[in-house]
Amino acid sequence: MATYILFWNPAISSYTKKRFLHDFFTNNSVGNWSFHEHDEVEDGDSFYMIRCGEGRTGIVMRGEITSSCYEDTDWSPKNRKSIFYADIDPHFNINPWSEAPMLTPEILTEVLPDFNWFGGHSGRRLSNDMADKLDDLWFRYLDANKAMFIEGDASYDEYNSNLFPEKIERQLLDKTGGRCEVCGYSYEGIFGKHDDEHFPQIKPSIIDSHYLNRLFYNLCKNCKQVPYKYLAQKLSASSGKQD
Ligand SMILES: [Zn+2]
């Protein structure tokens with residue numbers, strides 16, 4: 001699956017600050033976006049959207065592309081010919097008009113110097129190697145900045161079970177040897193390895209709680225049913241953190 005970088009400059013885009021904030025606070029999806037490299041875009045590819053121009057810049061969305069590209073009339077004031085769009089579904093949103101720490105173009109350039117993170121054509125494909133590095137950086141950034149989710153400066157689509165790319169999911173699960181961090185259970189430990197999609201698996205999940213240091217925790221199917229409050233109490237007690 002490929003990863004595309006979308007650019008957004010609210011000062012010149014028909015997707016204005018007002019529209020962003022409306023979508024952010026009502027959990028609405030942005031709809032579609034224009035793609036410069038449109039030939040190979042596929043349903044299921046990933047995207048990052050980067051705010052550029054004036055103000056606080058950096059990554060404001062990560063999610064999934066849910067169509068291939070189609071040609072349509074230009075909805076920007078430039079009225080260009082042959083503009084290609086694809087439908088996008090953000091799974092994580094960061095509000096740049098908030099206190100949320102941002103993954104800025106400067107930070108991105110430091111980690112991935114071979115790409116212009118400050119702007120240019122929207123809808124450019126990253127190499128697989130760069131996409132892996134960016135995913136790694138992004139999910140570490142989210143995990144370390146849970147406060148922005150609690151404060152309402154960032155949001156995620158809690159109904160989407162597909163929040164983590166496979167490689168990140170494996171990395172997170174490896175941290176606990178595939179065990180549930182609450183009860184210690186391992187389906188694999190009891191039944192052996194099963195790739196059957198119907199076989200219960202431990203999954204990285206999001207718990208946004210004041211009591212915890214991180215955002216991501218590995219949970220079994222049963223613990224996932226327990227209200228967050230009790231999971232947070234249990235996890236903060238076992239990590240020895242007091243606050
Ligand atoms: Zn469990």
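Is Cys183 buried, partly exposed or exposed? Cys183 is partly exposed, with 13 other C-beta atoms within 10 Å. A residue is buried if 20 or more other C-beta atoms lie within 10 Å of its own, exposed if 12 or fewer, and partly exposed in between; C-beta atoms are placed from the backbone.

This is a predicted model: local features need pLDDT of at least 70, side-chain atom pairs count only at pLDDT 80 or more, and totals for chains, interfaces and linings use all residues. Residues are numbered from 1 along each chain as its sequence is written.

**View 1. The loop around Cys183.** Cys183 sits in the loop between α5 (166-174) and α6 (187-191). Helices (H or I, at least four residues) and strands (E, at least two) are DSSP runs, numbered from the N terminus. Leaving out residues up to four places away in sequence, Cys183 touches Cys220 and Cys223. Two residues are in contact if their C-beta atoms, placed from the backbone, lie within 7 Å. Glu166 is 17 residues from Cys183 along the chain, and their C-alpha atoms are separated by 23 Å.

View 2. Domain 1 covers 3-156 and domain 2 covers 166-239. These bounds come from an automatic or database domain assignment. The domain centres, taken over C-alpha atoms, are 29 Å apart. Nine residues from domain 1 and nine residues from domain 2 form the contact. On the domain 1 side, α3 (128-144) and α4 (147-150) each supply at least two residues. α3 gives the most to that side, with five residues. The residues on that side of domain 1 are five nonpolar, no polar and four charged. Here Ala, Val, Leu, Ile, Met, Phe, Trp, Tyr, Cys and Pro count as nonpolar, Asp, Glu, Lys and Arg as charged, and the others, Gly among them, as polar.

**View 3. The largest nonpolar core.** This core has 51 residues. A nonpolar core is a set of buried Ala, Val, Leu, Ile, Met, Phe, Trp, Tyr and Cys residues joined through C-beta atoms within 7 Å. Leu6, Tyr48, Met49, Ile50 and Ala86 have the most contacts inside the core. Among the elements that each supply at least two residues are β1 (3-8), β3 (46-51), β10 (216-219) and α7 (228-239). Domain 1 and domain 2 both give residues to this core, so it lies between them.

**View 4. The surroundings of Met49.** Met49 touches Leu6, Trp8, Val60 and Met61, not counting residues up to four places away in sequence.
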